[in-house]
Amino acid sequence: MHTLLLIDDDPDVLATLRRSFRKGYTVLTAINGDEGIALLNGQAVDLIICDQRMPGITGNQVLQHALQRQPKAIRILLTGYADMDALMACVNEAHIYKYVTKPWEPHDLNMTVIRALESYDLQGKLDEAHRMLESAYKDAVTMLCVAAEGKDEDTGSHLQRVQHYTEALAIAMGIDKQDAEHMGLMSMLHDIGKLFVPDAVLKKKAALTTEEWGLMKQHPLAGARILGNNLFYEAAREIAVGHHEKFDGTGYPNGLKGNEIPLSARIVKVADVFDALTTVRPYKEAWTMMDAMVFIEADKGIQFDPDVVDQLKKLFDDGTLASIKLATN
Ligand SMILES: [Fe+2]
């Protein structure tokens, strides 16, 4: 059953409202803005009908509080014709669903509430479906990574660090938070093509022959094959294909140069190399972050995009890289 919160300083109006909605709803009432805010702080409500003109806290202020505290609750303002300025302020500041002018037609108000709650329920179902889809795609990425683990010396914690370095670098490069988060997640799939590289090559301790290098160098395009054509994984494909390209055009598989290489791949390249250098591997000690930074800065414009390296330096200087490493070890 939906919970309605009715707020009006006129006891007669409040009683009329309560009578209108006592069947089929859980009804809470408040005789002023303070009481309304206290109720909003104490329990979840689905819809609020609030008078604009009240002594003390106005309807606009109560509904702005509701917007902050319970943003999904539907907000309806009761107002008089004379209050157009207050109404416009409330539309802009409290993002109300609708306003109802006094005196109102009970049937109209009932229908407004019914329609509002239908859209509230629909939004709830959409949010739930979105959450399920989001967790399904995140799980799909993790499943692929688990499948690839054991095939390579890259561990889950390496992939997690690359994810977080990538996200931080993407934000530093001006990409919005949501896209940066997506890029971080997709970066975990950068080496997924190694599933197609024979173990004898992937795990060989000695130097690779020319032929073996040829096989190893196929992993970016093999990654793109695994990731398929779904638009959602476009960033992952760009990263898989492009993370061994070099800024000066001497990388593989396509020998792309500078901005021909997708930004996502330029970012992940820096994140991947930085983590590989600063992590212990069977054949090497972990470098200090400072040594890794010096190495990467020396290759600015050669292997690495200079702008991405500059952002990495800032994240190194302000301690972001160290806290990511600490959190994912
Ligand atoms: Fe790779």
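Predicted model: local features only at pLDDT ≥ 70, side-chain atom pairs only at ≥ 80, totals over all residues.
Biologist: Which protein atoms are the donors of the iron ion?

Modeller: The iron ion has Asp191 (OD), His219 (NE2), His243 (NE2) and His244 (NE2) as its protein donors, at 2.0 to 2.3 Å. Along the sequence these residues follow the spacing D-x27-H-x23-H-H. Histidine 219 belongs to helix H10 (residues 219-227), while histidine 244 sits in the loop between helix H11 (234-242) and helix H12 (263-277), so the two tie together parts that are 25 residues apart in sequence. With a relative accessible area of 2%, histidine 219 is buried.

Biologist: Let us turn to the chain as a whole. What are the domains, and how many Å separate their centres?

Modeller: The domain assignment gives domain 1 as residues 3-125 and domain 2 as residues 149-328. The centres of domain 1 and domain 2, taken over C-alpha atoms, are 52 Å apart. Along the principal axes, the C-alpha atoms fill a box of roughly 90 × 35 × 35 Å.

Biologist: What part of the chain counts as buried, and what share of its contacts joins residues at least 24 apart?

Modeller: The buried part is 45% of the 329 residues. Among contacts between residues at least 6 apart in sequence, 61% join residues at least 24 apart.

Biologist: How does one read burial along a helix, and which residues of helix H7 are buried?

Modeller: An α-helix has 3.6 residues a turn, so residues three or four places apart point the same way. In helix H7 (residues 177-187), the buried residues are Ala180, Met183, Gly184, Leu185, Met186 and Ser187. Their cover includes helix H5 (106-148), helix H6 (156-172), H11 and H12. The N-terminal end of H7 is capped by aspartate 176, which places a side-chain oxygen 3.0 Å from the backbone nitrogen of glutamine 178.

Biologist: Where is aspartate 8, and is it buried or exposed?

Modeller: Aspartate 8 lies in the loop between strand S1 (3-7) and helix H1 (11-21). Buried means under 20% relative accessible area; aspartate 8, at 0%, therefore counts as buried. Its side chain reaches the backbone nitrogen of aspartate 10 at 2.9 Å and makes a polar contact of 3.3 Å with the side chain of lysine 102. Beyond four places in sequence, aspartate 8 also touches other residues, including Val13, Ile31, Asp51 and Leu78.

Biologist: Which peptide bond joins lysine 102 and proline 103, and where is proline 103?

Modeller: Lysine 102 and proline 103 are joined by a cis peptide bond with omega of about -5°. Proline 103 is in the loop between strand S5 (98-101) and H5. The bond from tyrosine 252 to proline 253 is also cis, with omega near 10°, and proline 253 lies in the loop between H11 and H12.

Biologist: What is the phi of histidine 95?

Modeller: Histidine 95 has a positive phi of about 45°, although it is not a glycine. This residue is in the loop between helix H4 (84-94) and S5. At 48% relative accessibility, histidine 95 counts as partly exposed.

Biologist: To close, where is glutamate 212, and what does its side chain join?

Modeller: Glutamate 212 is in helix H9 (residues 210-216). This glutamate 212 is buried, with a relative accessible area of 17%. A polar contact of 2.7 Å joins its side chain to that of lysine 204. Setting aside residues up to four places away in sequence, glutamate 212 touches Val201, Lys204 and Ala207.

Methods:
Residues numbered from 1 in each chain as written. Heavy atoms only, no water. Domains from an automatic or database assignment. Helix = DSSP H or I, 4+ residues; strand = E, 2+ residues; numbered from the N terminus. Buried < 20%, exposed > 50% of the residue type's maximum accessible area, 1.4 Å probe, protein only. Polar contact = N/O pair within 3.5 Å; in protein donor to acceptor, adjacent residues only side chain to side chain. Contact = heavy atoms within 4.5 Å. Donors = N, O, S within 2.8 Å, 3.2 Å for Na, K, Ca; no water.
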